[in-house]
Amino acid sequence: MANAIDQELDTQPWFKEPWPWILMAGPFVAMVGCAITIALVLQPTGVSEEISDGGQKRGLVVTRDQAPEAPAVVEAE
């Protein structure tokens, strides 16, 4: 009797069942998202730009290293 019950059991290997793959899909998607996020963070973005009058633009903030030179004023006679 025990042999008849054993023969009726499913004898497929684990990798042919759908449930292990469904359960592994969530962590796999999280690892792919983490890898994409790390790749985006490590890319150079060119955040700092040089501006023609001596300042620097970083994001929305513009800073100037030194005071601008006063324009030369020519007096008319």
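How does Phe 15 count at 44% relative accessibility: buried, partly exposed or exposed? Phe 15 counts as partly exposed, where buried means under 20% relative accessible area, exposed means over 50%, and partly exposed lies in between, with a 1.4 Å probe and protein chains only. The structure is a predicted model, in which local features need pLDDT of at least 70 and side-chain atom pairs count only at pLDDT 80 or more, while totals for chains, interfaces and linings use all residues. Residues are numbered from 1 along each chain as its sequence is written, and side-chain values use heavy atoms, with hydrogens and water left out.

The protein chain contains two helices and three strands, which follow one another from the N terminus in the order α-α-β-β-β; helices (H or I, at least four residues) and strands (E, at least two) are DSSP runs, numbered from the N terminus. The mean pLDDT of the chain, that is, the predictor's confidence in each residue on a scale from 0 to 100, is 78, and 62% of the residues reach 70 or more. Among the elements, α2 has the highest mean pLDDT (96), whereas strand β1 (residues 48-50) has the lowest (58). Where pLDDT is low, the predicted coordinates should not be read in detail. Of the 77 residues in the protein chain, 3% count as buried.

Phe 15 also belongs to a cluster in which ring pairs link Trp 14, Phe 15 and Trp 21. The structure holds two aromatic pairs, a pair being rings of Phe, Tyr and Trp (its six-membered ring) with centres within 6.5 Å, and planes under 30 degrees apart count as stacked, over 60 as edge-to-face and the rest as tilted. The rings of Trp 14 and Phe 15 have centres 6.0 Å apart and planes at 85°, so this pair is edge-to-face. Trp 14 and Trp 21, by contrast, form a stacked pair, with 5.9 Å from centre to centre and 25° between the planes. Trp 14 counts as exposed because its relative accessibility is 53%, and Trp 21, at 47%, counts as partly exposed.

Helix α2 (residues 18-42) is the place of Val 32, a residue that is partly exposed, with a relative accessible area of 35%.
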